[in-house]
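Open the model in your viewer and keep the sequence panel beside it. The tour goes from one selection to the next.

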Amino acid sequence: VTRPDRLVELMGGKGLDSLLVTNLVNVRWLCGFTGTNGACILTPEDRLFVTDFRYVERAGEEVEGFEVVKGERDLLADLAARLRGRAGFDDAHMSVRAHGKLSEALGGSTELVPAAGLVEQLREVKDEGELGAIRAAAALADGALRSVLERGLAGRTELTVARELERELRERGAQDPAFPAIVAAGANGALPHAEPHDVEIGAGQLVVVDWGARLDGYCSDCTRTFATGELPGEAVEVYELVLGAQEAALEAVRADADVSAVDGVARERIEAAGHGERFGHGLGHGVGLEVHEGPRVAKTAEGRLAAGNVITVEPGVYLPGELGVRIEDLVTVTEDGAEVFSSLPKGLTTID
Ligand code: ZN
Ligand code: ZN
């Protein structure tokens, strides 16, 4: 069953006669178009892709399973003319202005119905081609970090290491880093979204490195925390705690597992060690065309994992003013467990 066919099935379940897909990531996933102005319209009978003259040629090469329609540069009138009945639109992404123009251009018999999340729901389960792209992105990213680590950590600045890592990702064929690389030593590592600073990494510190590659549109995401020499006992304890929690949670990943229960496996261990308050984010998130997508794996999330989901498993403990440890693997969910894409060892590793 094709992606558009599955989407039309979901539309039926929501009582929609037509669906307008405007988010460009969703458009790409649905029909293959990688340009910056285009939208899909689906009805049970039709699959239309509307773009303007600048992209008609590209669409001819890229778009599959949709009839390419040339519209004006502002596509709204062309889109409005092709919607009908109860027409779903992406209320999570469409601007109020675009919504206003669209409703004005619609005939009286067409009603705009909020329908965000339908394509995102389908994107959560990856096919073999997508898994291959993500696996390759992860391997590329791991190779890039390995080569950067050969040049050491201590005595260089966080910013230097982060920039080198990003350069290495590109040199190895990534389109881009999947997100700005994080290199955060000592107390800076205690900020879960730390930005690399222009400060020298010291000896005897923990250094959080969170990085990913984008390859063929698909992202990878991984974190390792390294030591730069002998650590105080507390730092080693926190490291071992996070590692134990990460491995236990990984064991709990399988198709049909409840997402909050998988989060709970790591969280309970960290809570039992008295650091529950220091693990302030969810266990993980989906990864695909976007580095953060569904499913969310967190205490407050609902639902169950499905075979073909690609998620991160990334518990962390952050002691403000002191240190942070996060260990993140990228995995795909299988019927009876998980295939781990990240290949770098997780035991405490010293990089001088
Ligand atoms: Zn990450
Ligand atoms: Zn992540």
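A residue is called buried here when its relative accessible area is under 20%. The model is a predicted one.

**Stop 1: C219 and the cysteines**

Select C219. Its relative accessibility is 0%, so C219 counts as buried. Now show the cysteine sulfurs. The closest one to the sulfur of C219 belongs to C222, and at 14 Å it is too far away for a bond.

Move to C31, which has 3% relative accessibility and therefore also counts as buried. Its closest cysteine sulfur is that of C40, at 3.9 Å. A disulfide needs the two sulfur atoms within 2.5 Å, and the C31–C40 distance is too far for a bond. How many disulfides does the count come to? The count is zero.

**Stop 2: helix α2**

Just after α2 comes G32, whose phi is positive, at about 100°.

**Stop 3: zinc ion (ligand 1)**

Select the zinc ion (ligand 1) and show the side chains around it. Its protein donors are two OD atoms of D210, an OD of D221 and an OE of E328, at 2.0 to 2.6 Å. Along the chain, the donor residues follow the spacing D-x10-D-x106-E. The angles subtended by the four donor atoms run from 55 to 148°, which makes the arrangement irregular.

**Stop 4: zinc ion (ligand 2)**

From the zinc ion (ligand 1), step 3.1 Å to the zinc ion (ligand 2); D221 coordinates both. Which protein donors does the zinc ion (ligand 2) have? They are D221 (OD), H285 (NE2), E314 (OE) and E328 (OE), at 2.1 to 2.2 Å. This site is irregular as well, with angles of 77 to 150° among the four donor atoms. The spacing of the donors in sequence is D-x63-H-x28-E-x13-E.

Select D221 and H285 together. D221 lies in the loop between β11 (218–219) and β12 (222–227), while H285 is in strand β13 (residues 284–286), so the pair ties together parts 64 residues apart in sequence.

**Stop 5: D263**

Finally, select D263, found in helix α10 (residues 259–272). With 0% relative accessibility, D263 counts as buried. Show side chains again: that of D263 makes a polar contact with the side chain of R267, at 2.6 Å. To see what else surrounds D263, leave aside its neighbours within four places in sequence; the residues in contact with D263 are then G282, L283, V297, A298 and K299.

Key. Residues numbered from 1 in each chain as written. Chains lettered and ligands numbered in written order. Predicted model: local features only at pLDDT ≥ 70, side-chain atom pairs only at ≥ 80, totals over all residues. Heavy atoms only, no water. Donors = N, O, S within 2.8 Å, 3.2 Å for Na, K, Ca; no water. Tetrahedral: all angles 85-135°; square planar, octahedral: opposite > 155°, others 65-115°. Helix = DSSP H or I, 4+ residues; strand = E, 2+ residues; numbered from the N terminus. Buried < 20%, exposed > 50% of the residue type's maximum accessible area, 1.4 Å probe, protein only. Polar contact = N/O pair within 3.5 Å; in protein donor to acceptor, adjacent residues only side chain to side chain. Contact = heavy atoms within 4.5 Å.
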